[in-house]
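Let's take a walk through a protein model together.

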Amino acid sequence: MAADGLGVDAGRTRVLVLLVAVGLSAVAVSVAGPIVFVALCAPQLARRLSRGTGTGLLPAAAMGALLLSASDLVAISLPTAGPLPVGVVTGALGGAYLAWLLGRGRRR
C-alpha cells in the first residue's frame, strides 16, 4: 500500500476514523433525541400514502411536519402532572412503527 510506504499505519488510522465517526454520530443522536424517528418514518409513510415508487421531498417534509405536530398535540393533551416533551411521544410512536416494520419484514 502507498500508506505503508509513507510510514502510515492504515489499519490503525481506519480504526481511529471509525471511532471518531461513531462518536460524532452518537453526539448527533443524543442532541436530536427521539425526534430522529420522524426522519425515519416520514418518507416511508409518505411513499405508502402516495403509492409512488419513490419518495419526494415535499411529501416527506409534509408528513414529517404532520407527525411532529400530532405528537406535540398528543403530548400536550395527555393527562400527566406536566406537559410531556414531544420527544417522548415521538419516540414512543416511532418505536411502535419501527417494531411494526421489523415484524412485517420478518413475515415476508
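This is a predicted model: local features need pLDDT of at least 70, side-chain atom pairs count only at pLDDT 80 or more; totals for chains, interfaces and linings use all residues.

Residues are numbered from 1 along each chain as its sequence is written, and side-chain values use heavy atoms, with hydrogens and water left out.

So what is the chain built from? The protein has 5 helices and 0 strands, which reads as α-α-α-α-α along the sequence. Here helices (H or I, at least four residues) and strands (E, at least two) are DSSP runs, numbered from the N terminus.

How confident is the predictor? That's what pLDDT tells you, residue by residue, on a scale from 0 to 100. The protein's mean pLDDT is 78, with 88% of its residues at 70 or more. Among the elements, helix α4 (residues 57-77) has the highest mean, 86, while helix α5 (residues 86-107) has the lowest, 72.

Now for the surface. Of the 108 residues, 16% are buried. Buried means under 20% relative accessible area, exposed means over 50%, and partly exposed is in between (1.4 Å probe, protein chains only).

Next, find helix α3 (residues 36-50) beside α4: their axes come within 8 Å and cross at roughly 120°. Axes are lines fitted to C-alpha atoms, for helices over the stretch in contact, and angles run from 0 to 180 degrees between N-to-C directions. That angle makes α3 oblique to α4, since under 35 degrees counts as roughly parallel, over 145 as roughly antiparallel, 65 to 115 as roughly perpendicular and the rest as oblique. Residues making the contact (heavy atoms within 4.5 Å) include C41 and L45 of α3 and M63 and L67 of α4.

Stay on α4 and look for S71. Is S71 buried or exposed? S71 is buried, because its relative accessible area is 3%. Leaving out residues up to four places away in sequence, S71 touches V86, V89, T90 and L93.

For a contrast, move to P83, in the loop between α4 and α5. P83 is exposed, because its relative accessible area is 72%. Its C-alpha atom is separated by 9.7 Å from that of D72, 11 residues away along the chain.

Notes. pLDDT is the predictor's confidence in each residue, from 0 to 100.
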